[in-house]
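Subject: Structure handover and notes

Dear colleague,

I am passing on the structure that we talked about, and I would be grateful if you could read the notes below with the model open beside them.

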Amino acid sequence: EPEVTQTPSHQVTQMGQEVILRCVPISNHLYFYWYRQILGQKVEFLVSFYNNEISEKSEIFDDQFSVERPDGSNFTLKIRSTKLEDSAMYFCASSQRQGRDGYTFGSGTRLTVV
Amino acid sequence: DAKTTQPTSMDCAEGRAANLPCNHSTISGNEYVYWYRQIHSQGPQYIIHGLKNNETNEMASLIITEDRKSSTLILPHATLRDTAVYYCIVEQGGSEKLVFGKGTKLTVNP
């Protein structure tokens, strides 16, 4: 079964450093998403991306965050200057069509900011 | 205000049916009911969704009451691997954003 692949599985970074989280969505999917989950808390929507542009973003997704699809396969989330409160599990997801039923999530990247 | 109410936790014996309830008394006519689950900090996994009619797929069945104010997700023969947090999500079509609540932690016991 096709999978969404996320790398690395765990990243430790120092506060103030830039970090890039990488995702390889399923190859024929057109819609891409990032979610995060702070330890013990709810899964939260960050951003959706379609046709090479952001289609929706949450209040969490401020100027410190950016997304990019640099080539035909990767989808990245960049955090420019990490803060302690950015420590969380970050999930990438993709979907072939618009709608809430077609999501496939990756296994996540655990980001620890020290 | 949360759109859905789910019990915090439930237990089920392995091999038995797991029936997970969800209340969504303020649901509007164009809102769907979606169920996802999250197995131990992995990424959430889509299970099933419905609008009015009951639905069944290879994973589960979804029973929606006639007034649509509540629904039940049924895992017909629960296994230990079904231990997870189950999320009931009520949203309109159109936007594809998922809004997760706290869900129900289902523990399947041997």
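The notes below go through ring pairs, strands and salt bridges in turn.

This is a predicted model, in which local features need pLDDT of at least 70 and side-chain atom pairs count only at pLDDT 80 or more, while totals for chains, interfaces and linings use all residues. Residues are numbered from 1 along each chain as its sequence is written, chains are lettered from A and ligands numbered from 1 in the order in which they are written, and side-chain values use heavy atoms, with hydrogens and water left out.

Aromatic rings

Over all chains, the structure holds 18 aromatic pairs, a pair being two rings of Phe, Tyr or Trp (its six-membered ring) with centres within 6.5 Å, called stacked if the planes are under 30 degrees apart, edge-to-face if over 60 and tilted for the rest. One of them joins A:Tyr33 and A:Tyr103, which are stacked because their ring centres are 4.3 Å apart and their planes lie at 20°. This pair links distant parts of chain A, since A:Tyr33 belongs to strand 4 (residues 31-37) and A:Tyr103 to the loop between strand 9 (88-95) and strand 10 (104-105), 70 residues apart; strands here are DSSP runs (E, at least two residues) numbered from the N terminus. A:Tyr33 is buried at 0% relative accessibility, and A:Tyr103 is buried at 4%, where buried means under 20% relative accessible area, exposed over 50% and partly exposed in between (1.4 Å probe, protein chains only). Ring pairs also link residues of both chains into a cluster, including A:Tyr33, A:Tyr103, B:Tyr36 and B:Phe100.

Strands

In a regular strand the side chains alternate between the two faces of the sheet. Strand 8 (residues 84-92) of chain B runs antiparallel to strand 9 of chain B and is joined to it by three bridges, with B:Ala84 standing opposite B:Leu106.

Salt bridges

How many salt bridges does the structure hold over all chains? There are five, each being a side-chain nitrogen of Lys or Arg within 4 Å of a carboxyl oxygen of Asp or Glu. A:Glu56 forms one with B:Lys97, the closest N and O atoms being 3.6 Å apart, and this pair crosses between chains, from strand 6 (residues 53-57) of chain A to the loop between strand 8 and strand 9 of chain B. A:Glu56 is partly exposed at 22% relative accessible area, and B:Lys97 is partly exposed at 27%.

Within chain B, B:Asp82 and B:Arg37 meet in a salt bridge of 2.8 Å, N to O, and both residues are buried. Another salt bridge joins B:Glu31 to B:Lys3, with the closest N and O atoms 2.9 Å apart; B:Glu31 lies in strand 3 (residues 31-38) and B:Lys3 in the segment before strand 1, so the pair ties together parts that are 28 residues apart in sequence. A network of salt bridges links B:Lys3, B:Glu31 and B:Glu91.

Note on methods
Helix = DSSP H or I, 4+ residues; strand = E, 2+ residues; numbered from the N terminus. Pairing = 2+ DSSP bridges.
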